[in-house]
Amino acid sequence: MNTLTQENNREVTEKVAEKGEKTPAKVYSPNVDVLETEEAILFRVEMPGVDQSSVEISIEKDQLILEGKFVPPTESRGQVRLAEYREGNYFRKFTIGKAIHSDKAVAKMKNGILELTLPKMEPKKTKIEIQK
């Protein structure tokens, strides 16, 4: 991928508990597909169990940061016999190598998949005259 640089690896990490939390929250690196067209860069991010209101997307300079906070269900779910489903927060950071219109970005969340579209900017053409 020529235009993006991945800033973190696939390892599961533990993050220091935020104020008010009793135990440290696990932070996972979500699976991400990145597609590029002539007009835009599209990110498809898996965030199972994360509510749309708990997703934060930010762009600072050329850094795209994707975060999702998982809120565990409050009702008892019974005694765990097998647990393969990972519950925790999500974090992923990318360096975007192309100029984009961050003010025209569109994000949608459906069935645990975040879709983020970042429209590309047209390269600015400048003709420089040679002085005599």
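1. **Ground rules.** This is a predicted model, in which local features need pLDDT of at least 70, side-chain atom pairs count only at pLDDT 80 or more, and totals for chains, interfaces and linings use all residues. Residues are numbered from 1 along each chain as its sequence is written, and side-chain values use heavy atoms, with hydrogens and water left out.

2. **Confidence.** The average pLDDT (the predictor's confidence in each residue, from 0 to 100) is 83 for the chain, and 82% of the residues score at least 70. Please read residues 8-19 with care: pLDDT stays under 50 there, although the model has 24 contacts beyond four places in sequence for this stretch. Contact here means heavy atoms within 4.5 Å.

3. **Overall make-up.** The chain has zero helices and 10 strands. Both kinds of element are DSSP runs numbered from the N terminus, with at least four residues (H or I) for a helix and at least two (E) for a strand. Among contacts with a separation of 6 or more, 58% are between residues 24 or more positions apart.

4. **Surface and burial.** Of the 132 residues in the chain, 28% are buried; that word means under 20% relative accessible area, against over 50% for exposed and in between for partly exposed (1.4 Å probe, protein chains only). The accessible surface is about 10,300 Å², and carbon and sulfur atoms hold 49% of that area. Such areas come from the Shrake-Rupley method with a 1.4 Å probe, and for residues only the protein chains shown count as cover.

5. **Strand 8 and its partners.** Strand 8 covers residues 89-96, and six of its eight residues are buried. Strand 7 (residues 63-68) runs antiparallel to strand 8, with six bridges joining them. Strand 3 runs parallel to strand 8, with two bridges, and Tyr-28 stands opposite Tyr-90. Two strands count as paired if DSSP finds at least two bridges between them.

6. **Ser-29.** This residue lies in the loop between strand 3 (26-28) and strand 4 (32-36). Ser-29 is buried, because its relative accessible area is 5%. Its side chain makes a polar contact of 3.5 Å with that of Arg-92. The term covers a pair of N or O atoms within 3.5 Å; within protein, one must be able to donate a hydrogen and the other to accept it, and residues adjacent in sequence count only if both atoms are side-chain atoms.

7. **The core.** The largest nonpolar core has 20 residues, and Leu-66, Phe-43 and Leu-118 are among those with the most contacts inside it. Strands 4, 5, 7, 8 and 10 (113-119) each give two or more residues to this core. By definition, a nonpolar core is a set of buried Ala, Val, Leu, Ile, Met, Phe, Trp, Tyr and Cys residues joined through side-chain atoms within 4.5 Å. Beyond its neighbours within four places in sequence, Leu-66 touches residues including Val-45, Met-47, Phe-94 and Leu-116.

8. **Ile-41.** Strand 5 (residues 40-46) holds Ile-41, which is buried because its relative accessible area is 1%. Its C-alpha atom is 7.1 Å from that of Lys-120, 79 residues apart along the chain.

9. **The hairpin.** Strand 9 (residues 106-110) pairs with strand 10 in the antiparallel sense over five bridges, and Met-109 stands opposite Leu-114. Two residues lie between these strands in the hairpin, and Asn-111 in the turn has a positive phi of about 55°.
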